[in-house]
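Thanks for coming. Please have a look at the structure.

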Amino acid sequence: MFASPIETDIAPSGSLLGLLQRGRGDGWLHALAAPRPEAVAALNHCVLRDPRPDWQLEHRSLYYARLFRELDAPLDAVREHLFDPVDALEECEQRTGLALSVLGHLVTAGRRDALVLLRRYAVTGANWRWALDELAVREEDADLRDLGPAILARFPATEAGDRALADAVRDSFEPRPWHIWAEDPARPAQRARLARALETGDFDRWQRQLRPPTPQPGWSVPAVLEWAREGYEQTPRQWREAAAARCLGAVAGPGDRETLLRAAGGDSSPVVRAAALRHLAERGDPAVFELIQRAAQDPRPELAEAAVTAYARMNDDGALRQARSWLERTDELGSTAAVMLARRGSAPDAPGVLAALRRVVRTRGTDAAELRALVEGAARMAIGPAVPVLRHIYRQTISSQLRGHTARALAATDPTFASGFAVECLWDCEEETREVAARHAATADTRVLERLRTLAADPTEQEGVQTAVRGRLAPS
């Protein structure tokens with residue numbers, strides 16, 4: 001199974017498996033130095049059990065595909081994983097998504113066995129849409145055209161089958177194969193069926209744009225608050241805080257302030273209080289801070305969370321001054337205050353940001369949600385004393401995105417970054433981290449120039465990285 005953010009099987013950061021799971025450049029280098037069977041086993045473990053805390057934001061597929069190429073690793077374990085009988089029962093696309101993406105990069109690199117697996121899975125696998133998307137950006141028109149009948153066979157020629165086909169066409173991430181099949185001159189019945197599906201999808205999109213998603217509130221402050229309360233009391237419950245706050249922004253005037261203050265601080269429904277708090281916070285009302293503080297201590301978690309979020313959205317000078325008062329708090333308001341100072345504070349706030357950074361790492365670990373802002377604040381304020389804790393975050397975090405932000409912070413604060421972490425970052429799984437490394441890594445290390453030349457010649461490398469690489473390789 002893929003690793004969830006809650007229950008993971010992430011190995012220690014100093015082990016080969018732990019390094020590869022994190023996507024660190026050191027993992028790549030250690031894998032090449034390790035016995036090949038051990039390296040291949042660790043690589044397969046990562047590809048078949050997606051280790052990313054957020055698979056929609058973090059990258060691993062190109063990193064693992066490149067390592068497959070370097071190790072000349074077989075795809076037997078990937079094939080067994082894709083075509084395991086559990087595939088037909090598992091609806092979660094993350095189970096196979098990373099493996100399919102790795103196969104896509106291997107197809108680009110010329111691995112014929114990867115192409116065979118992708119085409120077979122597109123025809124028989126449960127997560128076939130992902131496989132089709134990988135093929136859509138890599139195969140020639142003629143090869144995709146031959147795949148059409150097998151894909152369309154997934155949809156029986158019934159009313160339900162046609163409806164499912166129209167949904168698949170409408171929601172496709174890469175529409176190219178569907179248009180190729182809809183224009184296939186050798187298959188008139190297929191052309192007619194797909195023409196209907198494409199027309200149905202266009203009509204569905206038009207209807208979605210016209211159809212209001214929810215009932216609309218009345219045009220007054222009491223009516224909007226009542227509408228929010230009614231949604232909260234429905235079954236299933238509807239939390240209309242954000243929508244109600246937007247409506248309040250359109251209907252509330254100066255004469256409604258007292259009504260909104262009473263709603264935000266009274267004993268009304270939590271969603272009513274949340275909507276009023278959000279509205280008052282967005283307008284920087286000076287009375288909102290006391291109301292936010294009271295709501296943040298409410299035993300109802302949805303109201304407490306909404307209060308903290310309302311404060312986090314504020315961007316005026318009053319909110320910044322309040323952040324300095326709340327910085328020493330150890331609750332969510334204190335964390336939010338630290339984040340605000342990290343993003344918008346000035347040089348005198350640096351000690352407070354550093355203290356918050358150390359406190360969060362000590363109490364919440366190296367993957368806490370607020371660390372990104374605090375790390376970026378350390379970089380923006382060039383807080384030199386933050387270097388030890390930044391190095392610790394870099395080594396330990398399981399988030400490759402946070403590691404990338406930490407690398408940029410180290411580039412701004414750590415004099416040894418160019419000859420240290422920047423070197424391994426040239427092999428990192430994240431494009432932006434490799435770009436930072438390409439700009440900073442010291443070329444006195446012989447591995448650096450060799451890696452820069454490799455990246456410059458790699459057609460799969462991202463444009464931002466290659467631009468940075470060309471800047472380093474250009475004669476001065």
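A crossing is right-handed if the near helix is turned clockwise from the far one by less than a right angle, and left-handed if anticlockwise. Keep that in mind for the first pair. Note also that this is a predicted model.

The pair is helix H7, residues 112–124, and helix H9, residues 141–152; their axes come within 9 Å and cross at roughly 30 degrees. Angles under 35 degrees count as roughly parallel, so H7 is roughly parallel to H9. The crossing of H7 and H9 is right-handed. On the H7 side the contact uses Arg119, Ala122 and Val123, which meet Asp143, Asp146, Leu147, Ala150 and Ile151 in H9. Of these residues, 5 are nonpolar, none is polar and 3 are charged.

Now the salt bridges. The structure holds 38 of them. I will go through a few.

In one, Glu424 pairs with Arg24, with the closest N and O atoms 2.7 Å apart. Glu424 is in helix H25 and Arg24 in the loop between H1 and H2, so the bridge ties together parts 400 residues apart in sequence. Glu424 is buried, at 5% relative accessibility, and Arg24 is buried, also at 5%.

Next, Asp167 and Arg170, where the closest N and O atoms are 3.2 Å apart. Both sit in helix H10, 3 residues apart, which means a separation of about one helical turn. Asp167 is partly exposed at 24%, while Arg170 is buried at 14%.

Last, a network of salt bridges links Glu241, Arg278, Glu282, Arg283 and Arg313.

Key
Residues numbered from 1 in each chain as written. Predicted model: local features only at pLDDT ≥ 70, side-chain atom pairs only at ≥ 80, totals over all residues. Heavy atoms only, no water. Axes fitted to C-alpha atoms, helices over the stretch in contact; angles between N-to-C directions. Helix = DSSP H or I, 4+ residues; strand = E, 2+ residues; numbered from the N terminus. Parallel < 35°, antiparallel > 145°, perpendicular 65-115°, else oblique. Contact = heavy atoms within 4.5 Å. Nonpolar A, V, L, I, M, F, W, Y, C, P; charged D, E, K, R; others polar. Salt bridge = Lys/Arg side-chain N within 4 Å of Asp/Glu carboxyl O. Buried < 20%, exposed > 50% of the residue type's maximum accessible area, 1.4 Å probe, protein only.
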